Amino acid sequence: MKSSCIEVEVVVRPIHGMQLSEGYICEDGPAGFLGYLPGLMPLKGKTREEVRVALEQEAQSYYGDDVVVEIVAAGALAC
């Protein structure tokens, strides 16, 4: 059974370029937040920003140092 949680979409893109990938960050109850990008293990953190930074570091390891991970939308979805 899926739980209802607050989820935000994130995108990976070069600093001045088009989107390379997308994923999301989901609230994980009192444990904090989980972040997901395709091909990566879920990343945990205490805050949404902590998870975004961790996702950005992983994306930079894969795509190169000129990529950023940005939060683009928020909504209540099942995850």
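Trainee: In this predicted model, how many residues does helix α1 (residues 48-63) have, and what does it reach from its first C-alpha to its last?

Mentor: Take the expected span first: at 1.5 Å a residue, 22 Å is expected for α1. The helix comes close to that. With 16 residues, α1 reaches 22 Å.

Trainee: Which residues in α1 are buried, and what arc do they cover around the axis?

Mentor: The buried residues in α1 are Val51, Arg52, Leu55, Glu56 and Ala59. They sit on the same side of α1, because the arc they cover around the axis is only 140°.

Trainee: Why do residues three or four places apart in an α-helix point the same way?

Mentor: Count the residues in a turn. Places three or four apart point the same way because an α-helix has 3.6 residues a turn.

Trainee: Which residue just after α1 takes a positive phi?

Mentor: Look just after the helix α1. The phi there is positive, about 125°. The residue is Gly64.

Trainee: How many salt bridges does the count come to?

Mentor: The rule asks for a side-chain nitrogen of Lys or Arg within 4 Å of a carboxyl oxygen of Asp or Glu. By this rule, the count is three.

Trainee: Glu70 and Arg13 meet in a salt bridge. How many residues apart in sequence are the parts that this pair ties together?

Mentor: The N to O distance between the side chains of Glu70 and Arg13 is 2.8 Å. Glu70 lies in strand β5 (residues 67-78), whereas Arg13 lies in strand β1 (residues 4-14). The pair therefore ties together parts whose separation in sequence is 57 residues.

Trainee: Is Glu70 buried, exposed or partly exposed?

Mentor: Buried needs under 20%, exposed over 50%. Glu70 has 30% relative accessibility. Glu70 thus counts as partly exposed.

Note on methods:
Residues are numbered from 1 along each chain as its sequence is written. This is a predicted model: local features need pLDDT of at least 70, side-chain atom pairs count only at pLDDT 80 or more; totals for chains, interfaces and linings use all residues. Side-chain values use heavy atoms; hydrogens and water are left out. Helices (H or I, at least four residues) and strands (E, at least two) are DSSP runs, numbered from the N terminus. The expected span of a helix is 1.5 Å times one less than its number of residues. Buried means under 20% relative accessible area, exposed over 50%, partly exposed in between (1.4 Å probe, protein chains only). The arc is that of the directions from the helix axis to the C-beta atoms.
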